Amino acid sequence: MQRLTNRQIILGITGGIAAYKSAELTRLLKGAGADVRVVMTPAATEFITPLTLQALSGHAVHQHLLDPEAEAGMGHIELAKWADLILIAPASADFIARLAGGQGDDLLSTLCLATDAPICLAPAMNQAMWRNRHTQDNIAQLRAGNIGIFGPGSGAQACGDTGPGRMLEPVELAQLTAEQFDTGALAGKTVFITAGPTREALDPVRYISNHSSGKMGYALAQAAVDAGARVKLISGPVNLAAPARMDVVQVQSANDMLAAAMDGIASCDIFIAAAAVADYRPTAVSEHKIKKGSEEVMELHLVKNPDIVASVAALPGKPFTVGFAAETRDLLNYARSKLERKQLDLIVANDVSQPGIGFNSDENAVTLVSRDEARPLPQTSKRQLASQLIRQIAELYNRAQ
Ligand SMILES: Cc1cc2nc3c(=O)[nH]c(=O)nc-3n(C[C@H](O)[C@H](O)[C@H](O)COP(=O)(O)O)c2cc1C
């Protein structure tokens, strides 16, 4: 079920007796880490209330196609694009016929027409309806069109008949849904990532900081989510939109960042320290704005900040700990000594003296330095590089277990 972590699933419910089982199915998909949006046909709402599904999925239930208010929120095309998979359970004989006929006369069938995501159906109906030639033709046509058909099972039916047409049990459906996804390289793992600069206050209006944009850390967080990880992104102040599908904790100073990093660290499998943490902070923060005086030179007194990545790496039962080293010369030697000194598992070293890469730019080139080797990753976009880095980190993490 780890394959469901962070997956975005539309659960379509149509008008059949088995609709009551969709409540349990929603709970199971959510429990396995999926984000579930429920879409109901009008007939489905006669069998189970949207309120139940709203409470279980944590989102308002989508019901109507021609609803200006719903379109102003997540409209039908947006919803079709949002889905990683559409699961229709139960799928009525009527809905199956509409889907096979390419109809788009309600929200759910329109979503199926508009999506590029895989579609899976769990048929549920009376045995005679299932055996009916039209239903069988429709099912054959949908199978040929690459639509997954889960079940149906066979046995006693709500109407008193016995035979094929029972919807599979929710636990079987959740399992089959999980099997539609590849196992991500970090499926089921918890990853903490720090990103961006820190701000060290001098007074209520001034601070010491640096030029880190946070782009690399944010790209890594997205790549880790795509690889199936549960991600906590601990971000200093940046001009980037908070990404979806992860827990984002906004912080200001190095001390705040350390506290956020240590919060729940026992559950963390991989810690990636991509933030540019200020090494020093003012010894004291003035309560009021510091006024310009007559002196030509002003002295600032600074005190060392905590070393966040070294603090994490020093923990008993520490996570696999990855640091960053931004250097302007002698890159590999500095990276190796940092790896040893801070007891890290891996260093991502980049030469910030080179134009066009590193701080504030959209591209980067790095060398991955571990105890045994140095692997160069050539210049590319931070997004591309982040996917390559996450793949390599996953491989080295698995090797270290
Ligand atoms: C009490 C009752 C139970 C029903 N159960 C089923 C069922 O299990 N499977 C099915 O295909 N149709 C069933 N139907 C018929 C559908 O509700 C009907 O075909 C409806 O048009 C389906 O609409 P939808 O596919 O848009 O949800 C049932 C109807 C009633 C009145």
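How much area do domain 1 and domain 2 bury between them, and what share of it is on carbon and sulfur atoms?

Modeller: This is a predicted model, in which local features need pLDDT of at least 70 and side-chain atom pairs count only at pLDDT 80 or more, while totals for chains, interfaces and linings use all residues. Numbering starts from 1 along each chain as its sequence is written, and side-chain values use heavy atoms, with hydrogens and water left out.

Start with the division of the chain. Domain 1 covers 2-178, and domain 2 covers 190-400; such bounds come from an automatic or database domain assignment. Taken over C-alpha atoms, the two domain centres lie 43 Å apart. Four residues of domain 1 and five of domain 2 make the contact (heavy atoms within 4.5 Å).

Now your question. The two domains bury about 420 Å² between them. Of that, 36% is on carbon and sulfur atoms. Buried area here is the accessible area (1.4 Å probe) that two parts lose on being put together, summed over both. On the side of domain 1, Thr5, Asn6 and Gln8 lose the most area to domain 2. Together they give 84% of what that side buries.

Which pairings cross this interface? One residue pair is in polar contact, both at pLDDT 80 or more. A polar contact is a pair of N or O atoms within 3.5 Å; within protein, one must be able to donate a hydrogen and the other to accept it, and residues adjacent in sequence count only if both atoms are side-chain atoms. The side of domain 1 that touches domain 2 has no nonpolar, three polar and one charged residues.

Next, step inside domain 1. Helix α1 spans residues 21-31. Helices (H or I, at least four residues) and strands (E, at least two) are DSSP runs, numbered from the N terminus. In α1, Lys21, Ser22, Ala23, Leu25, Thr26 and Leu29 are buried (under 20% relative accessible area; exposed is over 50%, partly exposed in between; 1.4 Å probe, protein chains only). These buried residues pack against strands β1 (8-13), β2 (35-40), β3 (85-91) and β7 (162-166). They also pack against helices α2 (50-57) and α9 (170-178).

The side chains of Arg27 and Glu24 meet in it, 3.1 Å from N to O. Both residues lie in α1, three residues apart, about one turn of the helix. An α-helix has 3.6 residues a turn, so residues three or four places apart point the same way. Arg27 counts as partly exposed because its relative accessibility is 46%. Glu24, at 33%, is partly exposed as well.

Lys30 also sits in α1. Its relative accessible area is 34%, so Lys30 is partly exposed. Beyond its neighbours within four places in sequence, Lys30 is in contact with Val36, Leu56 and Ser57. Gly58 lies 28 residues from Lys30 in sequence, yet 9.3 Å away in space, C-alpha to C-alpha. Just after α1, Gly33 takes a positive phi of about 100°.

Now the backbone elsewhere. Strand β3 includes Pro90. A cis peptide bond joins Ala89 to Pro90, with omega about 0°. Gly151 and Pro152 are likewise joined by a cis bond, with omega near 0°. Pro152 is in the loop between β5 (148-149) and β6 (153-156). Asn146 is not a glycine, but has a positive phi of about 70°. Asn146 lies in the loop between α8 (133-144) and β5. With a relative accessible area of 70%, Asn146 is exposed.

The structure holds 16 of them. Arg133 forms one with Asp137, the closest N and O atoms being 3.8 Å apart. Both lie in helix α8, four residues apart. Arg133 is exposed at 56%, whereas Asp137 is partly exposed at 42%. Another joins Arg245 and Asp226, at 3.4 Å from N to O. This pair links distant parts of the chain, 19 residues apart. Arg245 is in the loop between β11 (230-235) and β12 (247-250), and Asp226 is in helix α10 (residues 215-226). Salt bridges that share partners also join Asp94, Arg98, Asp105 and Asp106 into one network.

Conventions. Nonpolar A, V, L, I, M, F, W, Y, C, P; charged D, E, K, R; others polar. Salt bridge = Lys/Arg side-chain N within 4 Å of Asp/Glu carboxyl O.
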